[in-house]
Amino acid sequence: MTTGTCGIAVIGAGIAGIATAHALVTRYGQDDVVLIDEAQPMALTSAQSGENYRNWWPHETMARFTDHSIDLMEQLAREGGDRFHMTRRGYALATREMSIESLVAQLYRGYGEGAADKIRFHERGCASGYRQAVSPDWRQAPDGVDVITDPDLIRRAFPSFDPAVTAVIHIRRAGDISGQQLGQQMLERYRAAGGRRLTAKVRALSAGPPFRLDLETPDGSTPLTCRQVVNAAGPYAGEIAAMLGVDLPLRNVLQQKIAFEDAASAIPRAMPFSIDLDDQSLDWSDEERALIREDASLAWLAETMPGAIHCRPDGGDCGRWIKLGWAFNKAESSASRTPELNDHFPEIVLRGAARLNPALRHYYGSLPGTMVHYGGFYTMTEENWPLIGPLGIEGAYLVAALSGFGTMAACAAGDLCAAWLAGARLPDYAMDLSPARLAKPDLLADLRSGGDKGLL
């Protein structure tokens, strides 16, 4: 850059920042945009994504928001020849509870007025039109959700599941993608439309407009002025906001995953992304449990733990790898580009995941040496909704708090933030996803009172 000025500076080149910059230049005709990050694009939290998507949430606002994001991803998939390998075998939420009324109530609340047309029940002794997720093709998959309580159908459709499972809620507009390829496709389209990228660290940000950014580039320090600025800094969004004197109610929570080659074929390649909803005790022997309880730092591993352990095949139908994740950590931590991982996590998540898929017990104590253990930060509000929109300072905007749903929500988040900047028409849920909701105590109380905030 030679001028030291631009129209819009987007701080952060994770998938949310890329999606915002992409929407600004390709959908809203903004032709003077600079995307700024000190590292390569998609190199921090976006590189640690589970790369899954779904349109189910226990609140209609989030369901509609992610539905729009999926619409945008489908458009990109068509235009890019399925470059980011979008699949749609769904999300299978499994439980051993005999009563699932509360789960069904969440489905109705999440899907809103159209819920009755989306929810299909498959009970013992009833004729069933359930379609198994045989094909990964997103164009062929049904919409809506199947609630399965017929034990014979559960065994046929999900043969690897624990026989004690009594119900499966199969969300159909859900699946996985290559998040890196999605980001790369948007980045290439952004640059082809004239968007610029700058490798630099933001050292200071002065309120405007015009805003002044003091940047540290590989070639030294340089100032940049802009008319509008977007804070898309992921786990550093709070720090960037503080430079403008804004205190955001954000916290960073480190969540971890593992991936390894499933040499024992414990997980069927056609299995949907599967979540064990039930609380559980980890599968230790009596001797192991006694030893764990003797160590004060590990004793918690012998107690009841929350559910939402997830497992899915990785690499397509012809692949061999699987991914396991479990967002049980609740402790807040400072953002870091080199987060400190828990050495015990691989064995913890394996033993948790083996409850739903017992064949995973084959790997107890013998996870492959090629296993990948990684983690990223869930940057979140207490209610686990994003913050997208005006930051409270003229010309400053925010797209942050995408928690564990950054990949699936990025396209809609970027589109919404870009619409705010461009003064375009907004969806009717825009205010509730914006920082303005922080001044709505009734809404926040309602969201925070629910035990399930869509966190998986």
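Me: Which residues do ring pairs link into a cluster here?

Reply: That cluster is made of W300, W326, F328 and F345, joined by ring pairs. Keep in mind as we go that this is a predicted model.

Me: How many aromatic pairs does a search of the whole structure find?

Reply: The search turns up eight aromatic pairs. As for reading one, a pair of aromatic rings is described by the distance of the centres and the angle of the planes. Take F65 and Y429: their ring centres are 6.2 Å apart and their planes sit at 80°, so this pair is edge-to-face.

Me: Where do F65 and Y429 lie?

Reply: F65 is in helix 2, while Y429 is in the loop between helix 10 (406–422) and helix 11 (430–433), so the pair ties together parts that are 364 residues apart in sequence.

Me: And is F65 buried or exposed?

Reply: F65 is buried, because its relative accessible area is 0% and the cut-off for buried is under 20%. Y429 is buried too, with a relative accessible area of 7%.

Me: What about backbone angles? Which residue just after helix 3 takes a positive phi?

Reply: That's G112, with a phi of about 65°. Here's the general idea: most residues other than glycine have a negative phi, and most peptide bonds are trans. With that in mind, look at E51, a residue other than glycine whose phi is positive, near 60°. E51 is in the loop between strand 2 (33–37) and strand 3 (52–54), and it counts as buried because its relative accessibility is 15%.

N384 is another residue other than glycine with a positive phi, near 60°. You'll find N384 in the loop between strand 17 (372–380) and strand 18 (387–390). At 2% relative accessibility, N384 counts as buried.

Me: And the peptide bonds? Which residues does a cis peptide bond with omega of about 0° join?

Reply: Those are G208 and P209. Then step along to the bond from P209 to P210, which is cis as well, with omega near -5°. P209 lies in the loop between strand 10 (201–206) and strand 11 (211–217), and P210 has its place in that loop between strand 10 and strand 11 too.

Me: Which residues line the largest cavity?

Reply: Among them are G50, N52, K257, F273, H310, C311 and Y374. The elements giving two or more residues to this lining are strand 13 (251–261), strand 15 (309–314) and strand 16 (321–325). Sorted by class, the lining has five nonpolar, four polar and three charged residues.

Me: One last feature: contacts. How far apart are R355 and D162 in sequence and in space?

Reply: They are 193 residues apart in sequence and 6.6 Å apart in space, going from C-alpha to C-alpha. R355 lies in helix 9 (residues 345–356), and at 27% relative accessibility it counts as partly exposed. Leaving aside neighbours within four places in sequence, R355 is in contact with R96, D162, D276, D278, D279 and Q280.

Me: Which residues is L426 in contact with, leaving aside its neighbours within four places in sequence?

Reply: L426 is in contact with L416, A419 and W420. L426 has its place in the loop between helix 10 and helix 11, and it is partly exposed, with a relative accessible area of 28%. L426 and T87 are 339 residues apart along the chain, and their C-alpha atoms are separated by 29 Å.

Terms used. Residues numbered from 1 in each chain as written. Predicted model: local features only at pLDDT ≥ 70, side-chain atom pairs only at ≥ 80, totals over all residues. Heavy atoms only, no water. 1 Å grid on protein atoms, 1.4 Å probe; cavity = no way out; pocket = protein on both sides within 12 Å on 5 of 7 lines; lining within 4 Å. Helix = DSSP H or I, 4+ residues; strand = E, 2+ residues; numbered from the N terminus. Nonpolar A, V, L, I, M, F, W, Y, C, P; charged D, E, K, R; others polar. Phe/Tyr/Trp six-rings, centres within 6.5 Å; stacked < 30°, edge-to-face > 60°. Buried < 20%, exposed > 50% of the residue type's maximum accessible area, 1.4 Å probe, protein only. Contact = heavy atoms within 4.5 Å.
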